[in-house]
Amino acid sequence: MASSVVKELANIGLGRATTALSDMTGRSFNMAVPHVDTVDVGLAGLVLGGEDGVVLGIYMPFDGDVEGHLAFLFPWASAQELIRTLIGTAPESPAEIDELCASAALEVGNIINSSFLNAISDMTGLAMHATPPLVSADLGSTVVSTLVAEAEMSESVALAIETEIFVDGSRDIQGFFLCIPSVGGLQAIFGRLGVEEAA
């Protein structure tokens, strides 16, 4: 895979996301992209730190020239750090996520996912439209399995982008962006980007 092209795409999406997050919160957000890859969606949960790791996921379907699902997944410790940064406190466990925490996570996830989707759309010329996001906190394998079941794409391949988010130059929050297009969708996206190998 021509990771340099996908990294460029990711950097454009992240650049837009950090600008929007900074405007929303008045804080300084910066992001880095340590790693990009394509993975079998059945193994995507393992990418998140193992099957036993709890994650907070914000996901949304998208439609248009290419259909599929987007998700931004935070390992639990990073989700707590993000929520604490936004509202000043954080739940000790997923069971303690209240309406305020969920709303803050949804807002951030919506900004990041939409920024990625718009970057993909702009770079490929393919129209893709996001729908309202949903939030879930559970084992990484469970969140990904639910996402795959909803997408009905158990044989599909996901574009996985590992990210690091720095708040005010110091707080390091890890996250993973997953784009699971419909069958043939990833080839269409990579074809427009000039990447021959989609998986």
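This report describes the salt bridges of a predicted model and the surroundings of one cysteine, Cys 179.

## Salt bridges in the model

Side chains of opposite charge can pair when their charged atoms come close. In this predicted structure, three salt bridges are present. They are taken in turn below, each with its position in the secondary structure and the accessibility of its residues.

## Arg 16 and Asp 122

Arg 16 pairs with Asp 122, and the closest N and O atoms of this salt bridge lie 2.8 Å apart. Arg 16 belongs to helix H1 (residues 3-25) and Asp 122 to helix H4 (residues 99-124), so the bridge ties together parts of the chain that are 106 residues apart in sequence.

The two partners fall into separate accessibility classes. Arg 16 has a relative accessibility of 35% and therefore counts as partly exposed. Asp 122 has a relative accessible area of 52%, which places this residue in the exposed class because exposed means over 50%.

## Asp 168 and Arg 27

A salt bridge also joins Asp 168 to Arg 27, with 2.7 Å between the closest N and O atoms. Both residues lie in loops: Asp 168 sits between strand E6 (157-167) and strand E7 (171-181), while Arg 27 sits between H1 and strand E1 (29-40). The pair thus links distant parts of the chain, 141 residues apart.

Asp 168 is partly exposed, its relative accessible area being 39%. Arg 27 is likewise partly exposed, at 26%.

## Arg 84 and Glu 81

The side chains of Arg 84 and Glu 81 form a salt bridge with an N to O distance of 3.2 Å. Both residues lie in helix H3 (residues 76-87), and because they are three residues apart there, about one helical turn separates them. Arg 84 is partly exposed, with a relative accessibility of 35%.

Cys 179 is located in strand E7. Its relative accessible area is 1%, so Cys 179 is buried, the cut-off for that class being under 20%.

Apart from neighbours within four places in sequence, Cys 179 is in contact with Phe 62, His 69, Leu 70, Ile 120, Val 157, Ala 158 and Leu 159. Of these contacts, Val 157 and Ala 158 are among the residues in strand E6 (157-167). The C-alpha atoms of Cys 179 and Ile 161 are 8.7 Å apart in space, and the two residues are separated by 18 residues in sequence.

Technical notes. Residues are numbered from 1 along each chain as its sequence is written. This is a predicted model: local features need pLDDT of at least 70, side-chain atom pairs count only at pLDDT 80 or more; totals for chains, interfaces and linings use all residues. Side-chain values use heavy atoms; hydrogens and water are left out. A salt bridge is a side-chain nitrogen of Lys or Arg within 4 Å of a carboxyl oxygen of Asp or Glu. Helices (H or I, at least four residues) and strands (E, at least two) are DSSP runs, numbered from the N terminus. Buried means under 20% relative accessible area, exposed over 50%, partly exposed in between (1.4 Å probe, protein chains only). Contact means heavy atoms within 4.5 Å.
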